[in-house]
Amino acid sequence: MTTQQLIDQIQSKKSFLCVGLDVDLNKIPKHLLEMEDPIFEFNKAIIDATHDLAVAYKPNTAFYEAYGIKGWLSLEKTIQYINENYPNIFTIADAKRGDIGNTSSMYAKAFFEDLNFDSVTVAPYMGKDSVEPFLAFEDKYTIMLALTSNEGAFDFQTLNVNGTELYKQVLEISKTWKNSQNLMYVVGATKAEYFTEIRKIVPDSFLLVPGVGAQGGSLSEVCKYGMNANVGLLVNSSRAIIYASNGIDFAEKARAEALQIQQEMQAILV
């Protein structure tokens, strides 16, 4: 997928909603547990109910890896289902990989070639040789952690190093890496006041924004400070949508929650 295709989808759907598919077998409706692959069946129902409202889906791989090979197969079936039935939707492997050289190349191959995701999240702590192997893939995107929404973000990311916060230096340096045009960045919604400074450094890049909804981030504040001419935002909501109900009506309730967010987004875009 190209960036323009993503922009076109945002414009046509009047939405920049990303739905996080973080499946916990302890939280999904009990009747699904009787099925052969409850994780996939849950995802399939959520996707079918929300595909016209969302522009991206983001499975967090930890929720699949936790169930061993069965979980990984559920992830594979989920991404195949999206690619075959809704090929215009942007897919994100939320894996937060971060290693060097051949190891990063193999991680990139796993998510971009084998699973055929459009993008993958990475941690930049080990520098350019941990990220550039992902950037080498054409029409694939690397979403780098920049400023996250967790409490521990202040341990390192906002530290003043030689007069500048570390996250700003990470953003600046990443722009010098080979194929940096394929970079996107993770910026937590609970850090809305930082978006203005981030946009000074990466004005045109897409930002993946978790933390709206259950984590307390404000959609209006994120848009006020983070939106650019092409919107440039993928705002993620996971629990608030996929666990809106744990009954038979779970997909219907998920759609209602997604529709509410999409309508808020449409009002902002008008």
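Buried here means under 20% relative accessible area, exposed means over 50%, and partly exposed lies in between (1.4 Å probe, protein chains only). Helices (H or I, at least four residues) and strands (E, at least two) are DSSP runs, numbered from the N terminus.

Keep in mind that this is a predicted model, where local features need pLDDT of at least 70, side-chain atom pairs count only at pLDDT 80 or more, and totals for chains, interfaces and linings use all residues. Residues are numbered from 1 along each chain as its sequence is written, and side-chain values use heavy atoms, with hydrogens and water left out.

Let's start with helix H8 (residues 166-174): its buried residues are Tyr 167, Lys 168, Leu 171 and Ser 174. Looking down the axis of H8, these fall within an arc of 135 degrees, so they line one face of the helix. That arc is taken from the directions from the helix axis to the C-beta atoms. In general, an α-helix has 3.6 residues a turn, so residues three or four places apart point the same way.

What do the buried residues of H8 pack against? Here are the partners, with contact meaning heavy atoms within 4.5 Å:

| Partner of H8 | Residues |
|---|---|
| Strand S5 | 141-147 |
| Strand S7 | 164-165 |
| Strand S8 | 183-187 |
| Helix H9 | 195-201 |

Now for the barrel: eight strands close into it in the order S1-S2-S3-S4-S5-S8-S9-S10, with parallel pairing. Two strands pair if DSSP finds at least two bridges between them. Strands S9 (residues 207-209) and S10 (residues 233-237), for instance, pair over three bridges.

Over in strand S4 (residues 119-122) sits Val 122, buried with a relative accessible area of 0%. Lys 96 is 26 residues away from Val 122 in sequence, yet their C-alpha atoms are 4.1 Å apart in space.
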